[in-house]
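Visitor: I would like a close look at one part of this structure. Please start there, then show me around the rest.

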Amino acid sequence: MPKKFIDIDSDLMPDPSLPTVRVFTVSTDGIDLGEALEAYKDFISPARMKKIIRYAHMSDKKLSFCSEIALCFALAGLSLPFYPPKYAYDEWGKPYLTENEGVYMNISHSGSMAVCVIANIPVSVDVLETDYYISNDFKRKVVTALDGEPQDKRELLSLWTKKESYVKLTGKGLRTSMLSFAINGDKAISSIGGKEAFIKSIEIDGYFISIASYEKANAEYLMFSKDDLPLLTEMESKQKAL
């Protein structure tokens, strides 16, 4: 069964008056891609399958596969059809669900972890290994005076994921300069008239995961491994039996 954490970045109980953002992670560790594609091909959209085939490196193929599986788990968690998931991309390249109005999702991956976040409010996610390599001039491209001075590389990487989650929330991605806004506590504050956002960030299993939303929200984290993949077939059967 997957590991489950609720508001892991807070000592407080979840606030029942707030919406809940659900974060689903799937690890590529131990996955045989050929076997997995054969067993779970019904859960992979045609567009995703083309992307998996197009990648040259096995690590990228596995991450792409697990990104789709994470989305399937996310949709199943809301009792929405997921075999396969139906989504498209807007003019900025941001994915959106085509048959579930009012449900928002976003995907990220790094190392051996794929992450999907889903909620009834606009939301985004970014994930990065805690030991990710960065160049010497990286800090000047990311940190503003209002961000404060990161004490070490780990703090800098954590800040990066927070900023990435915010620019993904705006829908403009890397078209938004990291220097055009600052992270102040649990908020992203834009200096160019953009909307403020709430940021939640955790460090777990060697990764930083940051989620951003325009509304303050609770967060629930569910972590899946290759041994949990058969749950999808069980969830599919239950949905079809209804």
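Visitor: Where does Asp205 lie, and between which strands?

Guide: First, a caution: this is a predicted model. Asp205 lies in the loop between β10 and β11. Strand β10 covers residues 197-204, and β11 covers 207-213. Now look at the backbone. Asp205 is not a glycine, yet its phi is positive, at about 55°. That deserves a second look, because most residues other than glycine have a negative phi. What about its surroundings? Asp205 has 49% relative accessibility, so it counts as partly exposed. The cut-off for exposed is over 50%.

Now to another residue with a positive phi. Ser79 is not a glycine, and its phi is near 60°. Ser79 sits in the loop between α3 and β3. Its relative accessibility is 60%, so Ser79 counts as exposed.

The bond between Tyr83 and Pro84 is a cis peptide bond. Its omega is about -5°. In general, most peptide bonds are trans.

Tyr83 leads us on to the aromatic rings. Tyr83 forms one aromatic cluster with Tyr40, Phe43 and Phe82. Across the whole structure, a search finds 9 aromatic pairs. One of them is Phe43 with Phe82: the ring centres are 5.7 Å apart and the planes meet at 15°, so the pair is stacked. The cut-off for stacked is under 30 degrees between the planes. Are Phe43 and Phe82 buried or exposed? Phe43 is buried, at 2% relative accessibility. Phe82 is buried as well, at 0%.

The charged end of Lys163 sits over the ring of Phe181. The distance to the ring centre is 4.9 Å. Lys195 does likewise with Tyr214: its charged end sits over that ring, 4.1 Å from the centre.

Next, the cysteines. How many disulfides does the structure hold? The count is 0. A disulfide needs two sulfurs within 2.5 Å. Cys116 is in no disulfide either. The nearest cysteine sulfur to that of Cys116 belongs to Cys72, 9.1 Å away. Cys66 is buried, with a relative accessible area of 0%. Cys116 is buried too, at 0% relative accessibility.

Now find the largest pocket. Its space is about 530 Å³. There are 22 residues in its lining, and the closest to the pocket centre are Gly93, Pro95, Ile107, Ser108 and Lys168. Which element gives the most? Strand β5 does, with 4 residues. The elements that each supply at least two lining residues are α2 (46-54), α3, β5 (104-110) and α5 (153-170). By type, the lining divides into 6 nonpolar, 8 polar and 8 charged residues.

Arg22 is found in strand β2, residues 20-27. Arg22 counts as buried, at 18% relative accessibility; the cut-off for buried is under 20%. Arg22 and Val125 are 103 residues apart along the chain, and 11 Å separates their C-alpha atoms. Now try Ser237, in helix α6, residues 230-241. Ser237 is partly exposed, with a relative accessible area of 45%. From Ser237 to Leu156 the sequence separation is 81 residues. Their C-alpha atoms are 44 Å apart in space.

Back to where you asked me to begin. Asp205 is in the loop between β10 and β11, with its positive phi of about 55°.

How values were computed. Residues are numbered from 1 along each chain as its sequence is written. This is a predicted model: local features need pLDDT of at least 70, side-chain atom pairs count only at pLDDT 80 or more; totals for chains, interfaces and linings use all residues. Side-chain values use heavy atoms; hydrogens and water are left out. Buried means under 20% relative accessible area, exposed over 50%, partly exposed in between (1.4 Å probe, protein chains only). On a 1 Å grid over the protein atoms alone, a cavity is a set of points where a 1.4 Å probe fits but cannot get out, and a pocket is an open set with protein on both sides within 12 Å along at least five of seven lines; lining residues have an atom within 4 Å of a point. Grid points are joined across faces, edges and corners, and a volume is the space filled by probe spheres set on the points. Ala, Val, Leu, Ile, Met, Phe, Trp, Tyr, Cys and Pro count as nonpolar, Asp, Glu, Lys and Arg as charged, and the others, Gly among them, as polar. Rings of Phe, Tyr and Trp (its six-membered ring) pair if their centres lie within 6.5 Å; planes under 30 degrees apart count as stacked, over 60 as edge-to-face and the rest as tilted. A charge sits over a ring if NZ of Lys or CZ of Arg is within 6 Å of the ring centre and within 35 degrees of the ring normal.
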